[in-house]
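Subject: Structure for your review

Dear colleague,

Please find below the structure that I am handing over to you, together with its sequence. My findings are set out after it.

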Amino acid sequence: MKYDSEWTGVVFNHRDPLYLQVIRHFKELIAMDKLQASQIIPSRRELGALLKINPNTAQRAYKEMEEQKLIVTEGNSPSRITSDEQILRSIRTELLTESVDLFLLSVQNINVPLDELLELVSRKYTHLRKEGQ
């Protein structure tokens, strides 16, 4: 099976456990619609090779994603992204909430008025969207 560059362009940090970064990458791909409901994903061994990580790390990430019901593995069939729409919708909300929480923690000591903060975020967001076209 051929896999796209989404699997080979991952840059890992040295702060967070690797298996958690793998899970986050899956969630980001789902939120960006690059992974769809019921889509077959690489085997644990294939993922290890694609991401240049230990297969045991891939196994740990898959085990955690199965516990979170993010992926489903039935018998000897390949693992797939869940088809549970509620779980899939919650991923985007989870990622956005994490990002907003980190942002707010980083600016809380500045004591900027909310309207000023929202205006700046809106302006920057609009600028970034225009650049991305």
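The notes below begin with the chain as a whole and then turn to helix contacts and individual residues.

Please keep in mind throughout that this is a predicted model.

Overall form

The chain contains five helices and two strands. Followed along the sequence, these elements are arranged in the pattern α-α-α-β-β-α-α. The radius of gyration of the chain is 18 Å, whereas a compact globule of 133 residues would have a value near 14 Å. Along the principal axes, the C-alpha atoms occupy a box of roughly 55 × 30 × 30 Å. Buried residues make up 26% of the 133 residues in the chain. When contacts between residues at least 6 apart in sequence are considered, 57% of them link residues at least 24 apart.

Helix H1 against helix H3

Helix H1 covers residues 18-31 and helix H3 covers residues 55-67; their axes approach within 8 Å and cross at roughly 55 degrees. This angle makes H1 oblique to H3. The crossing of H1 past H3 is right-handed. On the H1 side, the contact is formed by Leu18, Tyr19, Val22, Ile23 and Phe26, and on the H3 side by Thr57, Arg60, Ala61, Tyr62, Glu64 and Met65. By class, the residues in this contact of H1 with H3 comprise eight nonpolar, one polar and two charged.

Helix H2 against helix H3

Helix H3 also meets helix H2, which spans residues 44-51; the axes of H2 and H3 come within 9 Å and cross at roughly 120 degrees. H2 is therefore oblique to H3. H2 likewise passes H3 in a right-handed crossing. Here Arg44, Leu47 and Gly48 of H2 are in contact with Ala58, Gln59, Tyr62 and Glu66 of H3. The contact of H2 with H3 consists of three nonpolar, two polar and two charged residues.

Is Gln21 buried or exposed? Gln21 belongs to helix H1, and its relative accessible area is 11%, so Gln21 counts as buried. Apart from neighbours within four places in sequence, Gln21 contacts Val11, Phe12, Asn13 and Asp16.

Gln86 is located in helix H4, which comprises residues 85-107. With a relative accessible area of 59%, Gln86 is exposed. Phe12, which is among the contacts of Gln21, is 74 residues from Gln86 along the chain, and the C-alpha atoms of Gln86 and Phe12 are 28 Å apart.

Positive phi values in loops

Two residues deserve a note on backbone geometry. Lys69 is not a glycine, yet its phi is positive, at about 65 degrees. Lys69 is found in the loop that connects H3 to strand S1 (71-72). Lys69 has a relative accessible area of 54% and is therefore exposed.

Asn111 is likewise a residue other than glycine with a positive phi, near 55 degrees. Asn111 sits in the loop between H4 and helix H5 (114-131). Its relative accessible area of 67% makes Asn111 exposed.

With kind regards

Conventions: Residues are numbered from 1 along each chain as its sequence is written. This is a predicted model: local features need pLDDT of at least 70, side-chain atom pairs count only at pLDDT 80 or more; totals for chains, interfaces and linings use all residues. Side-chain values use heavy atoms; hydrogens and water are left out. Axes are lines fitted to C-alpha atoms, for helices over the stretch in contact, and angles run from 0 to 180 degrees between N-to-C directions. Helices (H or I, at least four residues) and strands (E, at least two) are DSSP runs, numbered from the N terminus. Angles under 35 degrees count as roughly parallel, over 145 as roughly antiparallel, 65 to 115 as roughly perpendicular and the rest as oblique. A crossing is left-handed if the near helix is turned anticlockwise from the far one by less than a right angle, and right-handed if clockwise. Contact means heavy atoms within 4.5 Å. Ala, Val, Leu, Ile, Met, Phe, Trp, Tyr, Cys and Pro count as nonpolar, Asp, Glu, Lys and Arg as charged, and the others, Gly among them, as polar. The radius of gyration is taken over C-alpha atoms; the globule rule is 2.2 Å times the number of residues to the power 0.38. Buried means under 20% relative accessible area, exposed over 50%, partly exposed in between (1.4 Å probe, protein chains only).
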